[in-house]
Amino acid sequence: MLFKLSVKNMKKSMKDYAIYFLTLILGVAIFYVFNALDGQKAMLGLSQSGYQMVDLMVQMISLVSGLVAFILGFLIVYANNFLIKRRKKEFGVYMMLGMGKGGISGILFGETILIGILSLGVGLLLGVFASQFMSILVAKLFEADVTAYTFTISAAAVQKTILNFCIMYVIVLVFNAFSISRYKLIDLFQAGQKGEKQTMKNTGLAVVVFLLAAGILGYAYYQVAYRPETVTMERAALLIAMGCVGTFLVFWSLSGFLLKLLQRFKGVYHRNLNAFVLRQLSSNINTAVFSMTVICLLLFATICAFCSGMSMNNSLRNALREMTPADICVQKLMSLSAEGDFSEAQRENGEKTVLEALADMGFAEENLREYVEISIYSTKELTFGAMLGAYEEQLRAQFPFVNMNTTEDIVGVSEYNKVAALYGTETYTLAEDEYLILCDFSSMANMRNLALSGGEQITIGAHTLKPRFAECQEGYLVMSASHINAGIVVVPDAVIEAELGGTLSLAEHFLAGNYAAETKEEKQTIENILLAVPKETAKEYVGFDAETKISIYESATGLAVIITFVVLYLGIIFLISGAALLALKALSESTDSKARYEILQKVGADEKMVHRALLEQLLIFFLLPLLVAVVHSLFGMRFVRFILSVFNQGDMLASVGVTAAILLVIYGGYFFATYYGSRRIIEEK
Amino acid sequence: MHTVLQVDNVEKYYGSKGNLTKALEEVSFRVDKGEFVGIMGASGSGKTTLLNCISTIDRVTGGHIFVNGTDVTELKGNALNRFRREELGFIFQDFNLLDTMTAYENIALALSIQGKKSREIEKRVNAIAGQLGIAEVLQKYPYQMSGGQKQRVASARAVVTDPMLVLADEPTGALDSKAARLLLENFTYLNDQLSATILMVTHDAFTASYASRIIFIKDGRIFTELRRGEEESRRSFFNKIIDVVSLLGGELNDVV
């Protein structure tokens with residue numbers, strides 16, 4: 001009997017809350033698709049490093065899934081709680097007819113189980129099909145061949161999805177039982193008679209609060225966007241809290257503030273149904289301050305995630321071409337210090353050149369068509385801190401995490417030029433008393449430039465050198481997917497000759513070269529010799545580290561793909577959760593306002609006017625959180641860029657464009673669904 | 001005398017061929033400018049259906065209704081909307097004020113829907129508020145007002161557009177007796193001083209006694225008509241109404 005009621009209620013509310021069900025189904029499907037990636041790799045002919053990358057991605061996604069489950073759980077509990085509140089009158093009737101609270105809980109239990117089974121079933125089905133496309137996409141992105149296409153269902157992902165969502169539904173059940181137990185019959189009845197009590201805010205107070213909120217946000221914006229280097233962990237937490245509180249206060253006061261503002265323009269305020277739209281809007285916002293804040297923050301997170309994720313992806317791909325001019329580069333520590341805890345074999349190998357070490361490992365010189373091997377020197381006198389001169393103390397206080405005591409890598413100019421010639425990068429000439437710094441890691445370069453522009457002189461033994469340029473030069477020795485050369489000091493050859501054995505000591509050898517091969521396959525064959533070297537063998541050569549064009553490419557594309565996937569996953573979940581919350585809120589407001597729209601028509605407004613009023617009101621209701629989120633993002637992105645400055649984010653415009661398109665489609669879709677749903681609600685008799 | 005409303009042989013049927021309900025049959029009457037006409041009848045007699053047909057909320061099955069010479073049964077779409085907002089004013093039993101807006105904004109709404117300029121809106125709202133004695137509640141919200149004040153605000157909204165005809169559906173239904181009396185005196189004021197033409201539907205004899213003419217409806221047909229004499233007191237008119245009501249029989253007894 002109770003179950004019959006549940007089924008009937010479901011059918012009835014299906015129409016009204018289609019958006020909620022759809023979001024649940026989407027949530028389940030997306031959850032499955034991303035968690036099923038693990039099962040997809042079996043069918044892909046991935047390379048070794050490709051495999052590692054997929055594994056890393058699966059790990060990342062299962063980490064992120066925890067957060068996603070939390071967000072979806074919040075959406076479900078919140079939406080459910082809110083749907084229950086709207087049915088108080090119905091529950092009142094049940095109780096009036098003699099049903100106990102247990103009975104009502106029973107009905108809700110049945111409904112939740114039904115919704116759960118339905119959304120899980122349909123969502124999983126959708127997810128299984130969607131994940132087939134996903135595997136093709138993964139294969140394409142990792143440049144793998146789909147060796148044997150098989151229709152795969154990941155049992156682990158199905159299990160995980162079901163488990164996660166079951167937990168969410170159980171939480172919902174507990175919440176429901178709790179809220180039902182608190183209801184009193186009289187409240188249930190009165191809830192049906194009168195809508196929510198209008199809480200008209202004192203507009204004067206609203207203006208004050210709005211200005212306060214603007215002040216709080218302004219301060220947080222300034223700190224985050226223009227003084228990002230001062231933001232420590234604790235301060236970040238404080239600033240985030242300020243952002244949340246500020247956002248909340250903005251929405252709390254916004255409608256009052258807007259009303260006050262627009263009422264001053266009587267011509268606009270009293271034109272057509274404007275007064276009605278504004279009043280309606282302000283009553284909607286006033287009852288939804290908390291959800292609007294949550295939605296706004298979700299949108300903010302979505303925008304930041306999309307924008308930064310995509311621009312990182314772009315910059316990674318762009319950087320690759322210019323950052324890998326040679327097939328291979330290898331470095332190795334030389335003349336190990338006496339204090340270190342090294343084995344006999346390691347000390348012996350410490351005297352060998354890179355080429356000799358490679359030969360030991362079975363990689364013959366013939367494999368290299370051309371190569372350059374150079375020496376890197378260091379001295380205890382010349383640390384990073386010493387290079388900064390007078391700025392050392394100031395920067396030390398400002399960046400407590402940067403180690404100022406590391407010794408600098410010193411290279412003779414002619415040796416560097418040999419590598420630069422091989423790479424095809426710029427070569428330099430230095431006078432007898434000059435030095436220059438190569439550095440492309442922008443935050444390090446910024447610090448170094450302070451000293452360089454001040455003409456900071458450095459001393460190596462008996463030589464005093466002045467800077468050749470007022471800022472760091474582009475250039476690097478070790479190839480990498482991004483600009484992470486923290487600094488190399490280039491000095492005249494004569495300085496090295498004179499000071500070697502005295503102040504200067506040999507620290508490392510560095511080799512850069514190209515394989516004696518033309519095609520990709522041949523290059524891979526040569527590279528496989530290196531890949532086959534056992535880890536134990538490599539350990540005998542302290543500081544031995546090889547970077548190859550192929551490995552950099554693979555890990556960089558892999559990294560780019562992982563970032564894209566994680567960002568898409570999080571962003572879409574954030575977006576649909578936020579939009580669904582907003583849509584639910586708006587739809588229920590439309591149900592509450594049905595009588596008001598009827599009055600409008602009785603007073604003489606025609607259908608067109610009423611529709612326009614509804615459209616305007618919903619449009620503003622949807623745009624407000626988006627607008628605030630966009631403003632947040634404008635400043636937030638500056639901070640994200642600062643943190644991710646490793647990935648020289650050149651072109652943000654493309655990522656912003658893609659982000660806007662995704663937002664427009666998903667958010668816009670929810671908006672239109674809400675508009676047509678609301679229209680149906682206010683039109684039905 | 002100028003005829004504001006002419007109801008001509010109006011019929012209204014509900015349902016299908018097999019199961020036909022005749023809500024109105026051969027209803028004909030006229031209302032002249034400046035009249036205050038009451039329509040009385042038991043529940044189910046068809047009085048509200050009649051009002052709905054006049055106000056163009058519902059469509060007639062047969063016959064014609066002329067308001068100020070226009071046949072409203074022929075109007076469609078935008079013309080109908082324009083007619084409704086420019087020629088008619090409505091006063092409802094449950095006030096139908098927008099709870100989100102102040103009294104001023106509620107009254108102004110009727111004018112802004114007509115596209116009036118804000119300067120004119122301000123002038124007219126203040127004028128009508130002064131006349132109806134609600135100037136001091138203009139900035140209040142409906143939930144801050146008494147029932148009588150709400151009903152007067154609703155009346156103000158109905159007449160602020162200078163409609164040809166004001167239609168009132170059980171205007172005192174939701175009021176206590178004191179507020180009801182105040183409201184009806186306001187109606188008399190609207191009728192006498194602002195020469196508004198009022199058509200009021202009620203089942204309450206006391207309320208009806210404020211009208212100058214009463215049309216009784218029974219089972220969808222006009223039963224009889226009572227006209228108040230020039231010098232006749234409201235008390236004696238009330239007694240005559242009660243007599244007709246007892247003749248009509250049925251549920252109207254609950255009034256006395």
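1. A:L97 lies in the loop between α5 (88-96) and α6 (101-141) of chain A; helices (H or I, at least four residues) and strands (E, at least two) are DSSP runs, numbered from the N terminus. A:L97 counts as exposed because its relative accessibility is 71%, where exposed means over 50%, buried under 20% and partly exposed in between (1.4 Å probe, protein chains only). Together with A:V93, A:M96 and A:L185, A:L97 forms a nonpolar patch on the surface, with about 390 Å² of accessible area in total.

2. Basis of the note. This is a predicted model, in which local features need pLDDT of at least 70 and side-chain atom pairs count only at pLDDT 80 or more, while totals for chains, interfaces and linings use all residues. Residues are numbered from 1 along each chain as its sequence is written, chains are lettered from A and ligands numbered from 1 in the order in which they are written, and side-chain values use heavy atoms, with hydrogens and water left out.

3. Extent of the interface. Contact (heavy atoms within 4.5 Å) involves 26 residues of chain B and 27 residues of chain A. The buried area between the two chains is about 2,300 Å², with carbon and sulfur atoms giving 62% of it; buried area is the accessible area (1.4 Å probe) that two parts lose on being put together, summed over both.

4. Three salt bridges are counted between chain B and chain A, a salt bridge being a side-chain nitrogen of Lys or Arg within 4 Å of a carboxyl oxygen of Asp or Glu. B:D99 forms a salt bridge with A:R596, and their closest N and O atoms are 2.7 Å apart. On the side of chain B that touches chain A, α2 (77-87), α3 (103-113) and α4 (118-132) of chain B each supply at least two residues. The helix that gives the most to this side is α3(B), with seven residues.

5. A:S375 belongs to strand β4 (residues 368-378) of chain A. With a relative accessible area of 12%, A:S375 is buried. Apart from residues up to four places away in sequence, A:S375 touches A:I410, A:V411, A:E415, A:L506, A:E508 and A:H509.

6. Backbone points in chain B. B:E26, in strand β2 (residues 21-32) of chain B, has a phi near 45 degrees, a positive value in a residue other than glycine. B:E26 counts as partly exposed, at 47% relative accessibility. B:N68 is likewise not a glycine and has a positive phi of about 50 degrees. B:N68 sits in the loop between β4 (62-67) and β5 (70-71) of chain B and is partly exposed, with a relative accessible area of 30%.

Technical notes
Patches are made of residues with over 30% relative accessible area and no salt bridge: like charges are joined within 9 Å, nonpolar side chains (Val, Leu, Ile, Met, Phe, Trp, Tyr) within 5 Å. Accessible areas come from the Shrake-Rupley method with a 1.4 Å probe; for residues, only the protein chains shown count as cover.
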